Each structure stands twice: as C-alpha cells, then as structure tokens.
Amino acid sequence: MFKNVINIWKRVLPFSAKQPLYKLAAFYILALGSGLPFSQTALADQAFDTNHAPRLVWSTMIAIEQANRTGNYSVLRDNSASSFQQANNPATLASLFERLRNTNFDLSNTLLLSPDYSIPPTVRKDGLLRMRGRFELRPTPVNFDLMFQLESGKWRLFGIAVVAGNPNKQAQK
C-alpha cells in the first residue's frame with residue numbers, strides 16, 4: 001500500500017525524494033492513509049521554515065494596524081486559530097488593543113525593519129509556534145510576543161501581546 005501511495009505521488013508531483021515538500025507530502029499521506037496516529041505536532045516540526053517567521057510577524061502587525069485604524073477587529077479574529085476565535089469576539093479584541101489604538105502608533109513602520117528575536121521562532125512540544133522580540137523603531141520600539149497554531153496547513157494566530165514603547169514602564173503605570 002505504501003509503495004502505491006509513493007508511486008502515485010511521484011507521478012503527480014515532479015519532485016525527487018530529496019526535496020522537503022515531497023517528504024512532507026509523503027509523510028502526511030502515509031500518516032493519514034495508514035491508520036497510524038497522526039500528530040499535528042510532528043507535522044509542525046517538519047513544516048515550519050524559520051525564514052517565514054518575519055512574514056508571520058509583519059502580517060500580524062499589519063492586521064493589528066488595520067484593525068486599530070478601522071475599529072474593525074473581525075478580520076484579525078477571523079484569520080486566527082479557531083480557539084482564538086472562540087475566546088475573543090471583535091469587541092473583546094477592541095478593548096484589548098484600546099491602549100495601543102489610543103496612542104495612534106503606526107505599526108506599519110515595523111515593515112521597515114527585521115524583527116529582533118529574544119525568543120527565536122520555535123515550535124514547542126505542544127505544537128504551538130512561539131516567537132518574542134522587538135522592532136527597534138526610533139524613538140519608540142515595538143515589542144511583541146506571538147504564538148501560532150497550525151490549522152489546515154497554515155500557521156494561525158493563537159496568542160498575542162504587542163506593546164509600543166518600554167513594556168516595563170507601561171506595566172508600572
């Protein structure tokens with residue numbers, strides 16, 4: 001059976017066995033088709049390429065920026081993991097980002113810099129992707145702590161903290 005699945009994939013996908021996409025597709029198909037227990041954590045470990053981490057951070061910053069500018073947090077919520085959606089309605093997100101929104105800080109400036117990670121992008125044992133860092137914008141840096149969950153083959157926002165300025169000073173207020 002496994003030989004047939006691999007032969008089918010060789011004909012459908014013009015990849016050699018040395019290429020990661022072929023291995024991932026074969027792993028996915030074999031895990032599902034064999035009746036073996038399939039772990040999304042195992043897939044997550046193989047599927048995340050740290051070169052894509054800045055894109056996840058930047059797209060999250062832009063989603064927050066657009067939500068803050070329009071007052072519409074539905075898109076941010078709808079593009080997040082299902083558990084994030086269940087825990088947060090748009091009104092809740094609006095209240096959580098109220099302080100940042102009221103500063104009128106432009107998060108789109110984060111696109112000008114690469115994120116500086118204090119916790120590099122890492123898939124944890126529970127399958128969640130976590131990264132923490134900052135953008136060294138002048139005069140006000142942007143700090144972030146983000147978690148993503150793999151759903152339907154895409155990393156979706158699972159947890160978020162974004163602070164413009166020094167987070168220690170804001171915690172003291």
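**Reading loops, a helix and a sheet**

Q: Where is Ser-152 found?

A: Ser-152 sits in the loop between strand 3 and strand 4. Helices (H or I, at least four residues) and strands (E, at least two) are DSSP runs, numbered from the N terminus. Bear in mind that this is a predicted model: local features need pLDDT of at least 70, side-chain atom pairs count only at pLDDT 80 or more, and totals for chains, interfaces and linings use all residues. Residues are numbered from 1 along each chain as its sequence is written, and side-chain values use heavy atoms, with hydrogens and water left out.

Q: What is phi of Ser-152 near?

A: Most residues other than glycine have a negative phi, and most peptide bonds are trans. Ser-152 has a positive value, near 50°. Ser-152 is also exposed, at 75% relative accessible area; exposed means over 50%, buried under 20%, partly exposed in between (1.4 Å probe, protein chains only).

Q: Which peptide bond is cis?

A: Look at Arg-138 to Pro-139, where omega is near 5°. Pro-139 belongs to the loop between strand 2 and strand 3.

Q: How many Å should helix 4 span?

A: The expected span is 1.5 Å times one less than the number of residues. Helix 4 (residues 53-70) has 18 residues, so it should span 26 Å, and its end C-alpha atoms are 26 Å apart, which agrees.

Q: Where do the buried residues of helix 4 fall, seen down its axis?

A: An α-helix has 3.6 residues a turn, so residues three or four places apart point the same way. In helix 4 the buried residues include Leu-56, Val-57, Thr-60, Met-61 and Ile-64. Down the axis, the buried residues of helix 4 fall within an arc of 170° and so line one face; the arc is that of the directions from the helix axis to the C-beta atoms. They pack against several elements, among them helix 5 (74-78) and strand 2 (129-135), where contact means heavy atoms within 4.5 Å.

Q: In what order do the strands form the sheet?

A: Two strands pair if DSSP finds at least two bridges between them. Here 4 strands make an open antiparallel sheet, ordered 1-2-3-4. Strand 1 and strand 4 are at the edges with a single partner strand each, so one side of each has no neighbour in the sheet. From one strand to the next, the twist averages 15°, using lines fitted to C-alpha atoms as axes and angles from 0 to 180 degrees between N-to-C directions. Strand 2 and strand 3 share 7 bridges; for Arg-130, the bridge partner in strand 3 is Met-147.
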